[in-house]
Amino acid sequence: MGLALTLSFAALVLLLTLALLWSRWPGWLKGLLVAGVAVFYFWADDVVHNLSGWPTPDALPERFTLLAVVVEEPSAKTAGALYLWVNAIENGKPVAQPRAHKLAYTKDLHALLNEGMKKARQGVSQMGQAVPKRGKKGLGWLRPGADEQEVKIRDLPAPQLPEK
């Protein structure tokens, strides 16, 4: 799929080059065409990263089953990150496909996820809940960090079997 997208983008660039060199379009239209192709490139790059298995920076689902965690601890070169592989829970059931998420590194979250993975290795499934952090009132998109979540991990309850 990556090759197909690359080839289609190369064809688009070829058409853009032909339009810029041999058309009699006004300069403002040629500039608009160049800007449109540049925006399309960055949008397509984001789409490819989200489709090809890269972890998403999007918010965690409200309820999820924790499958795996990879920790990249902060160093002098990187700020660190926590990579979670989760199954969202919708209508009381896990969705069919898991999703990878990338969260900013914090020591508290690192410790919480380590505890959850220890229990998961012992055979106790872990369920998570992501709750938006409470902050100041007002328009969230104006305040940095308004989209942060508080993550809670607990044991997945045992399923209730119906009586015979």
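Buried means under 20% relative accessible area, exposed means over 50%, and partly exposed lies in between. Keep those cut-offs at hand for the stops below. One caution before starting: this is a predicted model.

**Stop 1: the whole chain**

Show the protein chain as a cartoon. It has 3 helices and 6 strands. Trace it from the N terminus: the elements run α-α-β-β-β-β-α-β-β. Now colour by burial. Of the 164 residues, 22% count as buried. Contacts come next. Among those with a separation of 6 or more, 55% are between residues 24 or more positions apart.

**Stop 2: the aromatic pairs**

Select the aromatic rings. A search of the whole structure finds 4 aromatic pairs. Zoom in on phenylalanine 9 and tyrosine 41, a tilted pair with 5.1 Å centre to centre and 45° between the planes. This pair links distant parts of the chain: phenylalanine 9 sits in helix H1 (residues 2–22), tyrosine 41 in helix H2 (residues 27–51), and they are 32 residues apart.

Is phenylalanine 9 buried or exposed? Its relative accessibility is 18%, so phenylalanine 9 counts as buried. Tyrosine 41 has 39% and therefore counts as partly exposed.

Phenylalanine 42 counts as exposed because its relative accessibility is 58%. Now widen the selection to Phe9, Phe40, Tyr41, Phe42 and Trp43. These residues form one aromatic cluster.

**Stop 3: helix H3, end to end**

Select residues 107–121, which make up helix H3.

Next, pick out the buried residues of H3: Leu109, His110, Leu113, Gly116 and Met117. They cover an arc of only 130° around the axis, so they lie on the same side of H3. Turn to the face pointing away from that buried side. The exposed residues Lys107 and Asp108 are found there.

What covers the buried residues of H3? The cover includes strand E1 (63–72), strand E2 (81–90), strand E4 (99–104), strand E5 (126–132) and strand E6 (149–155). Step past the end of the helix to glycine 123. This glycine follows H3 and has a positive phi, near 95°.

**Stop 4: histidine 110**

Select histidine 110, which has its place in helix H3. Its relative accessible area is 11%, so histidine 110 is buried. Show its surroundings. Not counting residues up to four places away in sequence, histidine 110 touches Val71, Glu73, Leu82 and Tyr105.

**Stop 5: the salt bridges**

Now look for charged partners. Side chains of opposite charge can pair when their charged atoms come close. How many salt bridges are there? The count comes to 2.

Select glutamate 115 and lysine 118. They form a salt bridge, with the closest N and O atoms 3.9 Å apart. Glutamate 115 and lysine 118 are 3 residues apart in helix H3, so about one helical turn separates them. Glutamate 115, at 44%, counts as partly exposed. Lysine 118 is also partly exposed, with a relative accessible area of 45%.

The other salt bridge joins lysine 119 to aspartate 155, with the closest N and O atoms 3.7 Å apart. This pair links distant parts of the chain: lysine 119 is in helix H3, aspartate 155 is in strand E6, and they are 36 residues apart. Lysine 119 has 34% relative accessibility, which falls between the 20% and 50% cut-offs, so lysine 119 counts as partly exposed. Aspartate 155, at 36%, counts as partly exposed.

**Last view**

Methods
Residues numbered from 1 in each chain as written. Predicted model: local features only at pLDDT ≥ 70, side-chain atom pairs only at ≥ 80, totals over all residues. Heavy atoms only, no water. Helix = DSSP H or I, 4+ residues; strand = E, 2+ residues; numbered from the N terminus. Buried < 20%, exposed > 50% of the residue type's maximum accessible area, 1.4 Å probe, protein only. Contact = heavy atoms within 4.5 Å. Expected span 1.5 Å × (residues − 1). Arc of directions from axis to C-beta. Phe/Tyr/Trp six-rings, centres within 6.5 Å; stacked < 30°, edge-to-face > 60°. Salt bridge = Lys/Arg side-chain N within 4 Å of Asp/Glu carboxyl O.
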